Amino acid sequence: MNLPPLTEPVLLILLSLAEQPRHGYSILKDVEEVSAGRVVLSTGTLYGALRRLLDDGWIERFEENDASRGRQAYRLSPKGRRTLQAEVTRLKQLTRVAGLRAVRKEA
Amino acid sequence: MQALYESLLRLFPRSYRRQFAEEMIAVFREVDADARKMGNIVTAKFYLREITGLFRGAIAEHAQRILGSPAPFPLSSRRFTMRSGFRFPKTTALLMTVILAGIILAIQKAEEISAALPRDIAPAGPMWAPHVGILTTIVLTFLMVYVAGALGWIILFALRRSGVHRLSDMPTAQRD
């Protein structure tokens with residue numbers, strides 16, 4: 001899978017859903033927590049991203065079992081998980097090279 | 001604030017509202033309650049972020065529908081907008097060529113008229129007669145802006161009719 005890098009908010013949304021299915025509020029909170037408060041999404045931004053991820057087939061929408069709340073939740077699709085894994089591999093390679101070069105520079 | 005939020009949601013395309021509006025309002029309520037517990041500054045920041053987010057989101061959604069590209073969307077990665085095939089239908093390319101040809105012809109015609117005019121012609125006076133009042137100027141400015149807006153809308157409408165927007169509905173499987 002050779003695709004251009006993901007933007008940070010999109011990567012964070014996918015990471016949030018990789019752990020477990022979530023609804024909108026839970027995604028917002030998790031993205032903020034994982035990014036240590038650097039990325040705080042608005043609802044407009046979040047749902048714009050979710051709409052695109054749904055269109056691309058990277059995530060799926062379903063109704064939560066808790067019928068009393070009737071909330072829509074989102075989960076990562078197999079395609080989305082493959083995309084995320086490819087992105088993590090790319091980042092690992094990048095940080096490995098960055099680490100090696102930074103050490104070489106210090107030495 | 002929720003009333004303002006709901007009214008701003010009307011800026012989004014209808015299909016988007018049908019799919020997400022109810023959910024967005026519910027999430028807004030939850031985050032709003034959290035922000036209120038954390039004080040006025042946090043709440044003000046939250047409202048500002050939500051309002052700008054809604055405006056940007058609405059522009060991005062309309063751009064996506066009309067042009068097939070979420071260009072102004074702040075989260076857009078190139079991955080979402082990439083297409084493996086020819087991006088523009090042939091009708092769009094034809095329309096753009098016709099517009100370009102029209103501009104070139106207009107420039108040539110203007111140059112011909114300029115060359116045909118006698119050189120010792122008196123310089124033109126001011127475009128606006130001195131007696132034109134501020135009210136007339138405002139009305140004329142409004143008309144010019146209105147005409148510019150109408151032209152923009154016509155161009156967008158022509159692009160939409162050309163079928164560019166349909167590319168945004170292409171299944172993802174074809175893009176990879």
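Of the 107 residues that make up chain A in this predicted model, 29% count as buried. The chain holds four helices and two strands, and these elements follow one another from the N terminus in the order α-α-α-β-β-α. Among the contacts in chain A that link residues at least 6 apart in sequence, 45% join residues at least 24 apart.

The predictor assigns the complex an ipTM of 0.83 and a pTM of 0.60. In the contact between the two chains, 23 residues come from chain A and 25 residues from chain B. On the side of chain B that touches chain A, at least two residues are supplied by each of α2 (14–37), α3 (40–67) and α4 (78–81) of chain B. Sorted by class, this side of chain B comprises 13 nonpolar, eight charged and four polar residues.

Within the contact between the chains, one helix pair can be described in terms of its geometry. Two packed helices are described by the angle between their axes and the distance between the axes. For helix α3 (residues 43–55) of chain A and α3(B), the axes come within 7 Å and cross at roughly 30°. Angles under 35 degrees count as roughly parallel, and α3(A) and α3(B) are therefore roughly parallel to each other. From α3(A), the residues involved are Thr43(A), Gly44(A), Thr45(A) and Gly48(A), which meet Glu50(B), Gly53(B), Leu54(B), Arg56(B), Gly57(B), Ala60(B) and Glu61(B) in α3(B). By class, the contact of α3(A) with α3(B) has six polar, three charged and two nonpolar residues.

Confidence was also examined along chain B. The mean pLDDT of chain B is 76, with 70% of its residues reaching 70 or more. Among the elements of this chain, α2(B) has the highest confidence, at a mean of 92, whereas α4(B) has the lowest, at 42. Over residues 71–86 of chain B the pLDDT is below 50, and the model gives this stretch 34 contacts beyond near neighbours in sequence. A further stretch, residues 169–176 of chain B, likewise stays under 50 in pLDDT; for these residues the model has seven contacts beyond four places in sequence. Where pLDDT is low, the predicted coordinates should not be read in detail. This caution bears on α4(B), with its mean of 42, which is also one of the helices that supply at least two residues to the side of chain B touching chain A.

Methods:
Residues numbered from 1 in each chain as written. Chains lettered and ligands numbered in written order. Predicted model: local features only at pLDDT ≥ 70, side-chain atom pairs only at ≥ 80, totals over all residues. Buried ≥ 20, exposed ≤ 12 C-beta atoms within 10 Å, placed from the backbone. Nonpolar A, V, L, I, M, F, W, Y, C, P; charged D, E, K, R; others polar. Axes fitted to C-alpha atoms, helices over the stretch in contact; angles between N-to-C directions. Parallel < 35°, antiparallel > 145°, perpendicular 65-115°, else oblique. pLDDT = per-residue confidence, 0-100.
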